[in-house]
Amino acid sequence: MRPRVHVTRRVPARVRAALDESFAADVRDSELPPSRAELLAASAGCAGLVTTPAERVDGELLDAAGPGLAVIANYGVGLDNVDVEVATRRGVLVANTPGVLTEATAELTIALLLALVRRVAEGDRLIRRREPWTLAPTFMLGVGLQGRTLGIVGPGRIGSEVARLATAFGMHVLHAGRRPRPGRVPLGELFERAHVVSLHAPLTPETHHLIGRDELRAMRADAVLVNVSRGPVVDERALVDALRAGEIAGAALDVYEREPEVEAGLLELENVVLAPHLGSATVEAREAMGMLCVRALRAVLLEGGQPPNAVNPDALRTLS
Ligand code: DGY
């Protein structure tokens, strides 16, 4: 009998075919999240789960799945939705999808940054409102990136790729992170010097509201903030206040504190670009992420081994 696996969302066709080939796969054919009750019920009796960053994976879900649950493959690199400690204690292996979404997420960071500083989304709205316009020397001026300073907060894989792309635009790069590397500065200095502050840190208790009122005030008045990491890294209300007060010049956001809800004040501001969590949303990345999930399920459920993308390899030892 093939192991039972529940997948909480529709997946790309190649991923679906790979799931069906190896498992009795119950794939929810929807892009919308399941209700909690639906998720708990669908997980019962499963050996594997594929979840997304929008689903809370905790003791309650593991209880609902039951003792046969051996592996959870999270369709994303961020793990703030997963209680990895509880999973480890119960011998459930957790895997994520690192590496394959680096370029996609870095490209989206640059896309949001350019849309903001060159006022692309604002111009698009103006045209759709059918407002009169014409090319004029002072019309809708943005600012360029050449010669400006980019401050990367959390220079992991994605932050480092953003830095690489930004240098092609002639930007100088500063980093604030744990590892010593060229351009590393304390966070306070990064806020003082950067024209662009780009967030790439994972959400942890330490990074929750890492950007609050004081940090926004410490930034340059002509600085813009880009967040493609996790919404709660930024205090969204403080951000709205800082933008209204002109403490910073703009913001480009892909993630939100109470996702998919967006702080109402942000919707009213022209110097804000908003995307619906599209960081890894390319055909290539989402397929590769799905195939990494399948690989993790196969490794644990069919081969009795350890997937390379396991985040808690100790889980298997817990049971042995
Ligand atoms: C991730 O991988 O954590 C992304 O946010 C999903 O797009």
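Analyst: The questions and answers below concern a predicted model.

User: Which residues are around the ligand?
Analyst: The shell around the ligand divides into 2 nonpolar, 4 polar and 2 charged residues. By name, the residues are Gly 76, Val 77, Gly 78, Leu 101, Arg 230, His 277, Ser 280 and Arg 286.

User: How far is an oxygen atom of the ligand from a backbone N or O atom of Gly 78, and how much of the ligand does the protein bury?
Analyst: On the side-chain side, an N or O atom of Arg 230 is 2.6 Å from an oxygen atom of the ligand. The side chain of Ser 280 likewise places an N or O atom 2.6 Å from a ligand oxygen. For Gly 78 a backbone N or O atom is involved, and its distance from an oxygen atom of the ligand is 2.9 Å. The ligand taken alone exposes 230 Å², and the share of this buried by the protein is 90%.

User: Which residues lie nearest the centre of the second largest pocket?
Analyst: This pocket holds about 290 Å³ of space. Two or more residues of its lining come from each of α5 (102-117), α6 (120-128) and β11 (272-274). The lining divides into 12 nonpolar, 5 polar and 6 charged residues. Of the 23 lining residues, those nearest the centre are Leu 116, Val 117, Val 143, Val 224 and Ala 249.

User: Is Asn 74 buried or exposed?
Analyst: Asn 74 belongs to strand β4 (residues 71-74). Its relative accessible area is 0%. Since buried means under 20%, Asn 74 is classed as buried.

User: With which side chains does the side chain of Asn 74 make a polar contact?
Analyst: A polar contact requires a pair of N or O atoms within 3.5 Å. The side chain of Asn 74 has such a contact at 2.7 Å with the side chain of Thr 51. Another, at 3.1 Å, joins the side chain of Asn 74 to that of Asn 81. The partners are therefore the side chains of Thr 51 and Asn 81.

User: What is the relative accessible area of Arg 4, and what distance separates its C-alpha atom from that of Gly 48?
Analyst: Arg 4 is placed in strand β1 (residues 4-7). The residue is partly exposed, because its relative accessible area is 39%. Arg 4 and Gly 48 are 44 residues apart along the chain, and the separation of their C-alpha atoms is 6.6 Å.

Conventions:
Residues numbered from 1 in each chain as written. Predicted model: local features only at pLDDT ≥ 70, side-chain atom pairs only at ≥ 80, totals over all residues. Heavy atoms only, no water. 1 Å grid on protein atoms, 1.4 Å probe; cavity = no way out; pocket = protein on both sides within 12 Å on 5 of 7 lines; lining within 4 Å. Points joined across faces, edges and corners; volume = space filled by probe spheres on them. Helix = DSSP H or I, 4+ residues; strand = E, 2+ residues; numbered from the N terminus. Nonpolar A, V, L, I, M, F, W, Y, C, P; charged D, E, K, R; others polar. Near = heavy atom within 4 Å. Polar contact = N/O pair within 3.5 Å; in protein donor to acceptor, adjacent residues only side chain to side chain. Areas by Shrake-Rupley, 256 points an atom, 1.4 Å probe, with all protein chains shown as cover. Buried < 20%, exposed > 50% of the residue type's maximum accessible area, 1.4 Å probe, protein only.
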